[in-house]
Amino acid sequence: MNFLPQRLFKFYLFVFFSLTGISMTGAQTNKTIDLKGIWRFDTDRKDTGVQERWFSKKLPDKITLPGSMTENYKGDDVTLHTEWTASIYDSSFFYNPRLEKFRKQDNLKLPFWLTPVKYYVGVAWYQTDIEVPASWNGDLIQLFLERPHTETRVWINDKEIGMQNSLCVPHIFEISRYLKKGKNTISLRIDNRTKDIDVGKDSHSITDQTQGNWNGVVGRLELQAIPQTFIEDVQIYPDVQAKKALVKLNIEGKSSGTITLEAQSFNGDRKHTVTPLTVQFSAKGNQTPVEIELPMGNDMLTWNEFHPNLYKLKVTLNTGKKTDIREVQFGMRDFSIKGKYFYVNGQKTILRGTVENCVFPLTGYAPMDVASWERVFRICKDFGLNHMRFHSFCPPEAAFKAADLVGFYLQPEGPSWPNHGSSLGDGRPVDDYLWEESKRIVKEYGNYPSFCMFAIGNEPRGRWVAWVSKFVDYWKATDSRRVYTGASVGNSWAWQPRNEFHVKAGARGLAWEQMPESNSDYRARIDTVKQPYVSHETGQWCVFPDFTEIKKYTGVMRARNFELFREDLKDRNMGDLSAEFLQASGKLQALCYKHEIEKTLRTPDYAGFQLLSLNDYSGQGTALVGVLNAFWEEKGYINAWEFRRFCAPTVLLSRMDKFVFTNNETMTANIEAANFGEKELKQQPTDWKVTDAYGKILAKGQLAAKDITIGNCQQLGTINLPLNTFDKAQKLNLEVSFACSDVSNNWDFWVYPQTLPEVNTSGIYITDKLDDQAQSTLNNGGKVLLLTAGKIEQGKDVVQYLTPAFWNTSWFKMRPPHTVGTLINNYHPILEDFPTDTYTNVQWWELIYKAQTMEMNNFPASFQPIVQTIDTWFINRKLGMLFEAKVGNGKIVVCSADLRSDLQNRPVARQLYYSIVQYMNSHKFNPEQTLNISVIEDLFKKEGERLNINTKDAPDELKNKVL
């Protein structure tokens with residue numbers, strides 16, 4: 001599916017907001033001066049600017065704000081010795097002789113993450129001159145910086161105003177008393193170093209793994225004039241059941257007056273205007289809390305993923321002399337927990353989520369405009385999702401506004417992954433910082449209905465359980481508008497006893513150490529958990545890089561990592577195969593996501609999943625785990641419609657014991673529904689059909705109509721198909737669907753003959769070693785079938801499963817599997833009697849799981865195997881499981897899959913063996929490529945290429961201890 005280009009999408013959204021009259025730029029509707037433009041600038045590398053009073057002099061350089069230093073090409077060139085804000089667990093790049101050319105400055109290509117065009121960590125100064133209008137006399141004047149990175153100190157003329165260091169909310173400075181008539185100078189000192197407050201160098205709020213540790217200010221930069229008595233804060237607490245909202249105000253100033261509340265819906269099909277309400281208030285000191293109950297009326301509109309109806313509340317404070325107005329976006333939404341599920345406005349839902357890691361390679365920071373975020377959320381929704389977790393960072397206000405419009409449930413987090421050098425609960429400054437930061441986040445974004453869940457961060461170390469327990473208890477008692485968990489964690493982390501829900505690994509993954517099936521679920525892993533369980537970072541299935549993506553990195557990041565992988569693949573004489581590697585590995589990746597998501601949906605009492613992730617992750621060694629690239633674009637092997645068949649509000653599921661059958665068996669599929677859609681489905685019949693590889697319908701039927709309620713594990717009926725009419729091996733497809741809807745799903749399965757015709761092997765020498773007879777046969781023009789399973793030395797270190805590499809082999813230090821799929825030349829006549837796609841589908845499990853593959857780096861450059869294992873892109877070894885060649889005067893087929901043991905119970909291996917022998921007995925057996933026999937002998941004798949990771953430290957997931 002094609003999506004709107006980002007620029008065009010922004011234009012349409014701007015038109016929408018213009019026509020509806022909704023402000024895109026914030027809640028305060030008072031006087032402002034926009035400060036965007038050219039500022040004076042200088043870097044303060046030695047941090048002497050305060051001592052040398054840089055705020056009293058004109059800075060020599062220039063820079064454009066809003067923006068980062070990197071966007072303005074300020075900073076240093078990246079070198080091999082750049083000190084990054086990030087962990088590196090695989091330092092082999094710095095030592096591997098084969099990669100030496102990429103370590104030279106004129107060809108520097110780092111494999112760990114994207115490379116910024118410039119890099120700077122330290123102090124930088126920004127300066128501009130302003131004149132305050134005379135009409136602002138008597139007003140309070142604030143300097144508003146929407147998202148600086150990170151610590152800001154502000155001077156007006158030569159007077160310091162103060163310091164702020166939030167990573168999540170605007171920095172606002174009250175500067176009235178420091179201003180003079182005429183021209184004033186604003187000096188900003190911004191410091192992006194990690195100092196006493198260490199949130200963790202891999203936190204997505206600061207890390208070079210994704211957005212980059214940039215220096216600057218983005219979003220809105222402005223002066224704001226407000227009355228002496230003003231509305232400091234507005235918090236709205238919807239009560240959906242009672243059809244009212246409690247509006248809590250904080251009034252600063254000493255004047256009394258009236259407060260008027262006006263609310264109107266603005267984005268739905270229906271319009272609703274709430275009866276205005278005016279109340280008197282009396283100031284009590286300089287801070288006056290005011291609570292007003294606002295009846296919403298019987299025509300009240302609610303907010304959820306299906307109908308994201310929004311209201312704009314206008315709060316007018318009139319003190320007689322001055323008027324202050326605040327406009328706040330909100331929705332009538334209740335997000336609660338009953339038992340093990342989440343409920344939205346009383347209706348059970350399941351979270352179908354992805355993790356957002358601040359991957360925005362054009363800017364290097366999260367978008368500050370609504371249009372960019374709406375594009376992301378609508379793409380996610382088109383892929384069947386309804387939820388997003390922000391891993392160790394909190395997005396800007398624009399993200400909440402966009403999610404409100406789309407109907408998307410958000411879990412922002414505190415800006416911390418307190419690990420890899422930091423910790424939580426050990427009395428470090430980060431403890432207090434995160435506590436206060438959580439308050440700032442809830443105050444700033446708490447009114448947005450999309451803000452449904454909250455955690456302090458990701459995978460802490462230290463004495464963190466007690467800290468997060470206190471955090472959850474505090475917020476449960478303080479603000480009931482959302483639900484709370486302490487931290488999102490992996491499986492080896494301790495349980496958090498005070499959580500309202502859990503985001504935890506452990507109930508995820510595919511049990512493909514056994515033959516693939518679709519009957520199992522995760523209930524045994526979560527049945528003792530009393531709270532809703534959301535899977536932590538589901539998936540993480542790797543795919544080969546898409547090198548056509550390189551040209552898209554036209555902003556602050558360059559894909560030098562991709563360039564390295566591409567050049568290395570070319571050096572290995574496989575550069576022309578990159579597109580095929582992408583498609584073959586991508587099909588396998590999509591298959592894994594399908595099976596894992598379906599397994600989650602089959603599990604009773606499972607509250608949801610969070611993919612890591614729908615789009616690629618650019619750091620931690622380059623984790624290409626998305627079916628979309630870093631720009632949220634499709635890669636060509638699965639589209640949104642195909643993904644939505646198994647990931648949607650309503651999904652049809654099939655419980656099958658296996659996908660490989662023989663023709664003396666019956667294919668049995670128990671069909672069920674997971675329905676978390678808008679409505680129950682009354683008397684819904686289920687259609688089914690079985691088709692062959694060409695789409696011909698071989699069988700069809702309809703299951704009895706049933707009422708389908710909200711929930712999963714709803715049995716619809718059983719499909720039984722005797723397979724005795726199929727006398728040849730073939731791939732079939734079972735499709736089930738609801739008539740007159742877009743709800744459908746399908747599964748490939750295979751049928752093989754239980755008994756194959758006897759094959760004539762009299763003219764073929766079949767062996768598992770290159771013995772004297774094999775060599776004699778070849779010298780005399782004969783045929784040899786060399787079955788090398790378990791005998792390979794050159795390549796024995798390569799471990800392959802049916803699933804691809806997890807996350808990537810660099811970050812996880814070559815934890816198996818090491819491969820990302822298999823490229824199969826299914827047009828080759830050797831596979832004429834062996835039905836297969838160009839990639840490994842589940843029937844290949846019998847042949848591939850923990851099977852040996854052959855390292856073929858020393859084979860002739862142009863030599864290509866028929867079945868080619870796709871290595872991790874960090875090594876790019878040429879690997880193969882099946883090849884043919886002319887050797888001497890004879891011909892040979894070499895296969896490293898096990899085609900000998902227990903064939904009576906292994907129909908796939910039996911069929912491949914049959915197909916190979918049939919081919920070798922035919923006139924088609926005429927290999928085009930020639931090999932010296934010594935190259936084949938090396939497979940049994942020589943050690944394969946190995947990678948020394950060098951780094952001693954490792955991610956916590958590789959450490960066998962509870963954290």
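**View 1. Domain 3 and domain 5, with 37 Å between their centres, taken over C-alpha atoms.** In this predicted model, local features need pLDDT of at least 70 and side-chain atom pairs count only at pLDDT 80 or more, while totals for chains, interfaces and linings use all residues. Residues are numbered from 1 along each chain as its sequence is written, and side-chain values use heavy atoms, with hydrogens and water left out. Domain 3 covers 350-642 and domain 5 covers 764-941; these bounds come from an automatic or database domain assignment. Where the two touch (heavy atoms within 4.5 Å), domain 3 brings 41 residues and domain 5 brings 32.

**View 2. What gets buried between domain 3 and domain 5.** The pair buries about 3200 Å², and 69% of that sits on carbon and sulfur atoms. Buried area here is the accessible area (1.4 Å probe) that two parts lose on being put together, summed over both. On the domain 3 side, look for Cys 542, Leu 588 and Gln 620: they lose the most area to domain 5, together 18% of what that side buries.

**View 3. Polar contacts and helices where domain 3 meets domain 5.** Eleven residue pairs are in polar contact here, both partners at pLDDT 80 or more. A polar contact is a pair of N or O atoms within 3.5 Å; within protein, one must be able to donate a hydrogen and the other to accept it, and residues adjacent in sequence count only if both atoms are side-chain atoms. Salt bridges across this interface come to zero, a salt bridge being a side-chain nitrogen of Lys or Arg within 4 Å of a carboxyl oxygen of Asp or Glu. On the domain 3 side, α7 (560-571) and α8 (578-601) each give two or more residues, and α8 gives the most, with nine. Helices are DSSP runs (H or I, at least four residues), as are strands (E, at least two), numbered from the N terminus.

**View 4. Asp 139 and Lys 31 in a salt bridge.** Their closest N and O atoms are 2.6 Å apart. Asp 139 is in the loop between β6 (123-131) and β7 (140-149), and Lys 31 is in strand β1 (residues 31-34), 108 residues apart. Asp 139 is buried at 6% relative accessible area, while Lys 31 is partly exposed at 34%. Buried means under 20%, exposed over 50%, partly exposed in between (1.4 Å probe, protein chains only).

**View 5. Arg 482 and Asp 479, side chain to side chain.** This salt bridge spans 3.2 Å, N to O. Arg 482 is buried at 2%, and Asp 479 is buried at 2%.
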